[in-house]
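Dear colleague,

I am handing over the structure below, and after it I set out what was found. Please keep it open while you read, as the notes move from one part to the next.

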Amino acid sequence: MCATKIVKYGHDGVYAFDQGMVRALLIMGKERALLFDAGVEKTDLMSLIKEVTDLPVELCLSHSDHDHTANISAFPHLYLHEDEAERLRKNCAGDLPELRIVKEGDEFDLGGRLLRVLHCPGHTPGSISLLDAGNGILFSGDTVSYGPVYMFGDGRDMEAYIKTLEMLWDIYEKGDFADVYP
């Protein structure tokens, strides 16, 4: 078990709740914030969030693997791709927050910061990344990582993953992002 550390990222309004190799990213706009993933270890995540902001916060999961879902019960609802809904139900015992489905092209308007949902299958069928083109940032979830991307087990698809990486490369070449926050 490791302590959760709050880490300010290089861009204003982005913090990580770091739990070793896994982190939940808090992305803030002027009106609200979005937590991208919910950590691998149970912690008082809401108290940690309150140390950073008093904005209302919603939760979006990059995918439903257990190392991203430990603190979902702190939220009344969560956003995830429809291809992850059944996986989440299997991976998380007990009551789940209300599931709100997102798809390719949906947007989260945080007030002065717009995040566009990119469907990034491969690591899991419904993996997503969030594109903050206004600030040149890709919040990649596990699709792009500084460590290994696990491609074994249920739901992994190497062919889909390669197509996803090609799609992200095209977006990068268009200049929509320069930084990747995994």
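Tyr-79 and Phe-108 are both buried, where buried means under 20% relative accessible area, exposed means over 50% and partly exposed lies in between, with a 1.4 Å probe and protein chains only. Please bear in mind that this is a predicted model, in which local features need pLDDT of at least 70 and side-chain atom pairs count only at pLDDT 80 or more, while totals for chains, interfaces and linings use all residues. Residues are numbered from 1 along each chain as its sequence is written, and side-chain values use heavy atoms, with hydrogens and water left out.

The count of aromatic pairs comes to six, on the rule that rings of Phe, Tyr and Trp (its six-membered ring) pair if their centres lie within 6.5 Å, with planes under 30 degrees apart counted as stacked, over 60 as edge-to-face and the rest as tilted. The pair of Tyr-79 and Phe-108 is edge-to-face, because the ring centres are 5.0 Å apart and the planes stand at 85°. This pair links distant parts of the chain, since Tyr-79 belongs to strand β6 (residues 77–81) and Phe-108 to strand β8 (residues 107–109), 29 residues apart. Strands here are DSSP runs (E, at least two residues), numbered from the N terminus. Tyr-172 and Phe-177 make a tilted pair, with 5.6 Å from centre to centre and 55° between the planes. Of these two, Tyr-172 is partly exposed at a relative accessible area of 36%, whereas Phe-177 counts as buried at 7%. Tyr-9, Phe-139 and Tyr-181 form one aromatic cluster.

Returning to β6, five of its five residues are buried: His-77, Tyr-79 and His-81 point one way, and Leu-78 and Leu-80 point the other way. In a regular strand the side chains alternate between the two faces of the sheet. Strand β5 (residues 57–60) is likewise covered on both faces, with Val-57 and Leu-59 buried on one side and Glu-58 and Cys-60 buried on the other.

As for pairing, two strands pair if DSSP finds at least two bridges between them. Strand β4 (residues 33–36) pairs with β5 in the parallel sense over four bridges, and Phe-36 stands opposite Cys-60. β5 and β6 run parallel and are joined by two bridges, with Cys-60 opposite Tyr-79. β6 in turn pairs in the parallel sense with strand β7 (residues 98–102) over five bridges, where Leu-78 stands opposite Leu-99.

Strands β1 (residues 5–8) and β2 (residues 14–19) pair in the antiparallel sense over four bridges, and Ile-6 stands opposite Phe-17. They form a hairpin with five residues between them, and Gly-13 in the turn has a positive phi of about 85°. Gly-13 is buried, with a relative accessible area of 16%, and its C-alpha atom is separated by 11 Å from that of Arg-32, which lies 19 residues away along the chain.

Finally, strand β3 (residues 22–28) gives the most to the lining of the largest pocket, with three residues. By class, that lining has eleven nonpolar, six polar and six charged residues, where Ala, Val, Leu, Ile, Met, Phe, Trp, Tyr, Cys and Pro count as nonpolar, Asp, Glu, Lys and Arg as charged, and the others, Gly among them, as polar. A pocket is an open set of points on a 1 Å grid over the protein atoms alone, where a 1.4 Å probe fits, with protein on both sides within 12 Å along at least five of seven lines, and lining residues have an atom within 4 Å of a point.

With best regards
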